[in-house]
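Here are my notes on the model. Please read them with the structure open.

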Amino acid sequence: MTKIDIILQVLIGPPNNLIILSSQTGHHHYLLIPPHHTIPPLPTHPPSPGFPAQSPAATKPTKKPLTTKPTFRPPITTKPPVISPVPQPSPVASGSCGAKNGYQDQERIVGGHNADVNEWPWIAALFNGGRQFCGGSLIDNIHILSAAHCVAHMSSWDVARLTVRLGDHNIRTNSEIKHIEKRVKRVVRHRGFDPRTLYNDIAILTLDSAVDFSKQVRPVCLPSGSGGHTGKTGTVIGWGSLRESGPQPAILQEVNIPIWSNRDCKLKYGPAAPGGIVDHMLCAGQANRDSCSGDSGGPLMINNGKWTQIGIVSWGIGCGKGQYPGVYTRVEHFLPWIYKNLK
């Protein structure tokens with residue numbers, strides 16, 4: 001969830017079409033231009049310190065921001081206001097999946113704003129050496145669902161430095177609320193993951209010990225099968241950048257975005273999508289409403305009575321650019337793979 005440092009120079013070498021990015025922090029990033037000029041989305045934040053160097057062809061196209069938008073204010077009316085009963089938060093069982101805290105509806109129109117404390121009890125923040133770099137979601141008492149590109153280049157030494165925070169709200173303080181921090185004992189990414197096309201961008205992290213469900217920590221629901229989501233409103237949560245190349249928030253953000261049909265998404269991206277928009281991807285977003293750098297691996301959810309994760313933040317071009325919706329891994333396509341790796 002951190003942004004890239006200011007790029008000081010871009011050198012393009014003709015022999016191998018190699019792009020070298022140099023930053024103020026001394027990081028060097030190498031990008032190999034693929035054939036036919038189909039360049040993968042430029043990574044919007046560098047790997048955490050201690051990450052293994054990536055090969056030129058294996059760029060890490062990470063994701064996009066939760067941007068703010070002015071709240072709609074209704075016109076002033078002279079009619080006396082109608083007093084309606086104040087809805088009360090619904091009580092939920094601590095072990096049930098997909099039950100957020102507070103109000104269970106999805107009626108607020110947001111362009112990216114602070115989530116309430118413990119509102120989303122399945123959100124996971126992934127840290128490498130104490131630096132937050134991706135998101136994820138708790139899908140049972142010991143497994144985190146995330147994106148393959150978040151962990152694709154990790155060595156066993158990197159995995160040993162991984163920690164996962166659950167039940168957190170402000171990731172820059174330890175005093176606001178009590179959160180759970182776990183180490184990771186195993187990382188499984190999909191064998192078909194392709195760092196150029198972002199095909200099969202899905203991974204599962206196994207925690208070193210199971211968590212006890214509570215009001216603050218419980219799992220999201222997985223979809224029960226294939227279903228059409230086009231035209232529905234999805235919600236994305238994470239600690240990603242607030243705008244493209246912008247600041248990273250300390251407090252968990254949430255944004256509501258429309259879900260596109262894959263047909264419309266293909267038409268919008270055209271040749272700009274390195275491997276095309278394929279069936280196991282899902283598109284969502286609109287101008288000024290999107291996920292961004294640092295949100296990678298986090299959940300895209302819908303409320304169908306229970307909050308269900310239908311997407312994993314994967315990639316996109318820019319953040320909140322209306323012509324390019326965000327692209328997500330379609331969870332329902334990978335249900336057999338997920339359940340196989342939960343055993």
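1. **Terms and basis.** Buried means under 20% relative accessible area, exposed means over 50%, and partly exposed lies in between (1.4 Å probe, protein chains only). This is a predicted model: local features need pLDDT of at least 70, side-chain atom pairs count only at pLDDT 80 or more, and totals for chains, interfaces and linings use all residues. Residues are numbered from 1 along each chain as its sequence is written, and side-chain values use heavy atoms, with hydrogens and water left out.

2. **Thr308.** Thr308 counts as buried because its relative accessibility is 6%. Thr308 belongs to strand β15, residues 307-315 (strands, E, at least two residues, and helices, H or I, at least four, are DSSP runs numbered from the N terminus). Its side chain makes a polar contact of 3.2 Å with the side chain of Asn304. A polar contact is a pair of N or O atoms within 3.5 Å; within protein, one must be able to donate a hydrogen and the other to accept it, and residues adjacent in sequence count only if both atoms are side-chain atoms. A polar atom of the Thr308 side chain also lies 3.2 Å from the backbone oxygen of Lys306.

3. **Aromatic cluster.** Which residues form one aromatic cluster? They are Trp120, Trp122 and Trp307. Rings of Phe, Tyr and Trp (its six-membered ring) pair if their centres lie within 6.5 Å; planes under 30 degrees apart count as stacked, over 60 as edge-to-face and the rest as tilted. The whole structure holds four aromatic pairs. Trp120 and Trp122 are edge-to-face, because their planes stand at 65 degrees, with the centres 5.9 Å apart. Trp120 and Trp307 also form an edge-to-face pair, at 4.9 Å centre to centre and 90 degrees between the planes. That pair links distant parts of the chain, 187 residues apart: Trp120 is in the loop between β4 (113-114) and β5, Trp307 in strand β15. Trp120 is buried at 4% relative accessible area, and Trp307 is buried at 1% relative accessibility.

4. **Strand β10.** Is β10 (residues 203-207) mostly covered or open? Mostly covered: five of its five residues are buried. Ala203, Leu205 and Leu207 are buried on one side, Ile204 and Thr206 on the other. Strand β7 (residues 143-146) pairs with β10 in the antiparallel sense over four bridges; two strands pair if DSSP finds at least two bridges between them. Strand β9 (residues 180-189) also runs antiparallel to β10, joined by five bridges. Leu205 is the bridge partner of Ile144 and of Val187.
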